Amino acid sequence: MFTSLQGRAVLGLFATVFVLALTPTAADAQKKERNLVTRTEIDSSPHIDRDLLTVLRSLRPHFLAPPRGVRSLGNGTKGPFVVSVGGTRTTGYDMLRATMANTVEEARYLDATQSENEFGANYNSGAIVIKLRDFTKDPSPSKPALADTTRKVPR
């Protein structure tokens, strides 16, 4: 039926199709990033009209879980959980409750070691860094672009 060369070619073709079928697309790879929630995921969430805390609880509950294990080297006490929204740093979850999900560009989780490196030795309980959307450059139907309120004075 097949010669050995034809059989190898058919087998190679099937192997190529199989590998391409298993390769994740860019959207699938982005969804699987464990420590990042993007605007695309937030916009597709059923909780888009709610606060960011609700969205994170539904999309990435591990962001809000306390760090596991006992730290025995150096400082063994746990520090506060840090939330940084647009460069403003606070502790606790109040800032997540006050931030609307549709205003967020991305939310990145930092584990205990990363938060300690980023914010200092006293902040070793993890962190969430929130990057807000810039509505002046990226208007959306859910939030109108800001109007230019500067008044030009003639010379």
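My entries follow, going from the whole chain down to single side chains.

**Ground rules.** I am working with a predicted model, where local features need pLDDT of at least 70, side-chain atom pairs count only at pLDDT 80 or more, and totals for chains, interfaces and linings use all residues. Residues are numbered from 1 along each chain as its sequence is written, and side-chain values use heavy atoms, with hydrogens and water left out.

**Whole chain.** I looked up the secondary structure and found six helices and five strands. Helices (H or I, at least four residues) and strands (E, at least two) are DSSP runs, numbered from the N terminus. Along the sequence the pattern reads α-α-β-α-α-β-β-α-β-α-β. Next I checked burial, meaning under 20% relative accessible area, with exposed over 50% and partly exposed in between (1.4 Å probe, protein chains only). Of the 155 residues, 28% are buried. I then turned to contacts, meaning heavy atoms within 4.5 Å. Among contacts with a separation of 6 or more, 62% link residues 24 or more positions apart.

**The sheet.** In what order do the strands of the open sheet lie? I read β1-β4-β5-β2-β3, with mixed pairing; two strands pair if DSSP finds at least two bridges between them. The edge strands are β1 (36–38) and β3, and each pairs on one side only. From one strand to the next, the twist averages 15°. I also noted that β4 (residues 104–110) and β5 (residues 127–132) run antiparallel, joined by six bridges. Ala107 stands opposite Ile130 in β5. Helix α6 (residues 112–119) packs on the sheet and touches β2, β3, β4 and β5. The direction of α6 makes about 105° with that of β4; axes here are lines fitted to C-alpha atoms, for helices over the stretch in contact, and angles run from 0 to 180 degrees between N-to-C directions.

**The hairpin.** Strands β2 (residues 82–85) and β3 (residues 88–91) are antiparallel, with four bridges. Two residues lie between them in the hairpin, and Gly86 in the turn has a positive phi of about 60°. Ser84 stands opposite Arg89 in β3.

**Val83.** Beyond its neighbours within four places in sequence, Val83 contacts Thr88, Arg89, Thr90, Gly92, Met95, Leu96 and Ile128. I also looked up Gly126, which is 43 residues from Val83 in sequence and 8.9 Å away in space, C-alpha to C-alpha.

**Salt bridges.** I counted five, taking a salt bridge as a side-chain nitrogen of Lys or Arg within 4 Å of a carboxyl oxygen of Asp or Glu. Arg39 pairs with Asp43, the closest N and O atoms being 3.9 Å apart. Because they are four residues apart in helix α3 (residues 39–44), about one helical turn separates Arg39 and Asp43. Arg39 is partly exposed at 23%, and Asp43 is partly exposed at 41%. In helix α5 (residues 94–98), Arg97 and Asp94 are three residues apart, and their salt bridge spans 3.0 Å, N to O. Asp94 is exposed at 56%, whereas Arg97 is partly exposed at 44%. Arg108 bridges to Glu106 at 4.0 Å between the closest N and O atoms. Salt bridges that share partners also join Arg39, Asp43 and Glu105 into one network.
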